[in-house]
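Okay, thanks for making time, everyone. I'd like to walk through one model with you, so let me put it on the screen.

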Amino acid sequence: MVSERRLFGTDGIRGPANIAPMTPEVALRLGMAVAAHFGRGGSIVIGKDTRLSGYMFEMALAAGVCAMGAEVLLVGPLPTPGIAYITRSMRADAGVVISASHNPFGDNGIKLFAADGFKLPDEVEAHLESLMEPGVLDDQRARGRDIGKAARIDDATGRYITHLKYGFPAAYKLDGLKIVVDCAHGAAYKVAPLVLRELGAEVIALGVAPDGLNINEDLGAVHPARMCATVREHGADLGIALDGDADRAVFCDRHGQLVDGDAILAICARELHARGELRGGAVVATIMSNMGLERCLQEVGVGLVRTPVGDRYVVEQMVSGGYNLGGEQSGHVVFLDHGTTGDGVVAALQVLAIMQRSGRPLDDLTRVLTRFPQLLQAIPVARKIPLERLPGLSAVIGGVETELGREGRVIVRYSGTEATLRIMLEGPDLARLQVLAGRISEAARGELGAA
């Protein structure tokens with residue numbers, strides 16, 4: 001199988017709904033390809049977030065799967081990690097998630113899990129694309145009684161809630177804690193508040209009234225300001241903000257100060273290491289994680305293994321290297337002892353367990369991490385020209401890397417989900433980083449132009 005892909009990016013297929021490639025026609029062909037690849041006569045789980053266009057893609061995918069003679073198991077709105085869990089627990093052949101994660105409601109996306117609940121490698125996605133080519137599967141469609149059928153799994157939410165609660169230490173409850181949880185009007189609008197309440201917390205819930213149009217609108221992991229303000233207003237112990245499909249979370253402490261994925265990795269890694277439960281002697285993170293995380297882990301003899309951006313690549317490295325903790329600065333945190341992908345609710349429960357076990361508030365726990373100044377810029381682009389074909393930009397990047405030396409890092413890359421060039425600089429002096437970032441962005445605009 002070839003590994004070159006045209007439709008799939010770093011996290012599935014994504015784009016404006018009803019505009020290529022995110023059309024029902026593409027979804028239909030993908031449903032056929034998934035059924036053909038993972039087995040005729042098998043079963044495919046399909047779940048989604050709360051976007052209006054989810055209905056359209058759900059039906060198109062189901063039609064494609066049934067057309068190839070496989071069975072569809074519909075779970076409705078459920079967090080991405082919940083769909084991965086249901087795929088495994090139902091012994092299904094694959095799982096399909098309809099979601100554009102943190103993107104606004106007008107976008108949508110499709111990502112896939114294998115039977116074991118892990119995302120597909122590049123070469124399998126490329127093979128699926130080859131099966132979607134016109135005419136490839138047309139003469140293989142099921143006929144008569146071999147046509148597939150669809151069934152709805154009505155208790156999927158309850159199954160996932162039970163799974164989440166079993167991952168929280170039985171010796172502890174959340175009695176006495178006041179927690180703000182922001183569900184972004186997304187896939188966890190039922191799950192997250194229920195889990196926290198059933199474990200004993202007083203819950204102030206935001207973003208739990210989805211209408212198909214308001215997912216991620218001024219709420220959630222991408223817009224955490226309201227969560228922080230609500231924590232301060234109500235004197236809560238912490239806040240948890242999930243994104244639209246709840247595979248990631250950012251937090252704030254009792255003072256309303258943001259706590260990102262790097263801080264959560266630092267807290268959890270040191271706790272697991274102290275308890276002798278951190279496998280592989282290291283944590284897996286992406287190239288975007290702060291140098292401060294690396295130093296924080298080194299202090300206790302724990303390593304940091306870096307991957308390209310994307311939680312899929314983090315998980316692949318975790319599996320191949322025998323690690324059980326990894327994640328991204330953006331809030332994807334993966335506990336392989338509890339699931340196969342990033343899970344914002346699992347991450348929250350692990351942090352809460354550490355708070356209960358230690359008797360320390362979140363702001364105290366985060367003091368282990370001292371960050372290096374980090375500067376992020378995003379430049380819209382019309383085309384993603386390979387950086388090696390941009391000699392002027394490459395020369396400027398090389399010069400900045402030389403100037404920073406071992407005291408800093410430079411990461412320039414295209415977004416896997418948007419038409420954007422992302423620039424990240426890290427070093428001891430923010431003012432200097434701003435000057436250096438200006439050089440890179442000026443060179444980028446000069447060679448790439450405006451979007």
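I'll go through a few sheets, a couple of helices and one surface patch. Keep in mind that this is a predicted model.

Let's start with the four-stranded sheet. It's an open one, the strand order is β13-β12-β14-β15, and the pairing is mixed. Which strands stand at the edges? Those are β13, residues 303-307, and β15, residues 333-335; each has a single partner strand, so one side of each is left without a neighbour in the sheet. On average, neighbouring strands here are turned by 20 degrees against each other, ignoring direction.

If you zoom in on β12, residues 282-286, you'll find that β12 pairs with β13 in the parallel sense, over five bridges. To get your bearings there, look for V283, which sits opposite L304 in β13. Then there's helix α9, residues 291-298, packing on this sheet. Helix α9 touches β12 and β13, and its direction makes about 150 degrees with that of β13.

Next, the hairpins around β10. Strand β9, residues 238-242, pairs with β10 in the antiparallel sense, with four bridges, and A241 is opposite V250 of β10. The two strands make a hairpin with six residues between them, and in that turn A246 has a positive phi of about 65 degrees.

Moving on to the three-stranded sheet. This one is also open, ordered β16-β18-β17, and its pairing is antiparallel. The edges are β16, 374-380, and β17, 409-414; since each has just a single partner strand, one side of each has no neighbour in the sheet. The twist from one strand to the next averages 10 degrees.

β16 and β18, the latter being residues 420-426, are joined in the antiparallel sense by seven bridges, and L375 has L425 in β18 as its bridge partner. What lies across this sheet? That's helix α14, residues 430-448, which lies across β16, β17 and β18 and runs at about 15 degrees to β16.

Now for a helix that's mostly covered: α3, residues 80-89, where eight of the ten residues are buried. Among them are I83, Y85 and I86. As for what does the covering, that includes strands β2, β3, β4 and β5, along with helix α5, residues 156-166. After α3 comes R91, with a positive phi near 55 degrees.

Last stop, the surface. There's a nonpolar patch of about 410 Å², made by L52, Y55, F105 and L213. Y55 is in helix α2, residues 54-67. Why does Y55 count as exposed? Because its relative accessibility is 55%, and the cut-off for exposed is over 50%.

That's the tour. I'm happy to go back to any of these spots on the screen.

Key
Residues are numbered from 1 along each chain as its sequence is written. This is a predicted model: local features need pLDDT of at least 70, side-chain atom pairs count only at pLDDT 80 or more; totals for chains, interfaces and linings use all residues. Side-chain values use heavy atoms; hydrogens and water are left out. Two strands pair if DSSP finds at least two bridges between them. Axes are lines fitted to C-alpha atoms, for helices over the stretch in contact, and angles run from 0 to 180 degrees between N-to-C directions. Contact means heavy atoms within 4.5 Å. Patches are made of residues with over 30% relative accessible area and no salt bridge: like charges are joined within 9 Å, nonpolar side chains (Val, Leu, Ile, Met, Phe, Trp, Tyr) within 5 Å. Accessible areas come from the Shrake-Rupley method with a 1.4 Å probe; for residues, only the protein chains shown count as cover. A salt bridge is a side-chain nitrogen of Lys or Arg within 4 Å of a carboxyl oxygen of Asp or Glu. Buried means under 20% relative accessible area, exposed over 50%, partly exposed in between (1.4 Å probe, protein chains only).
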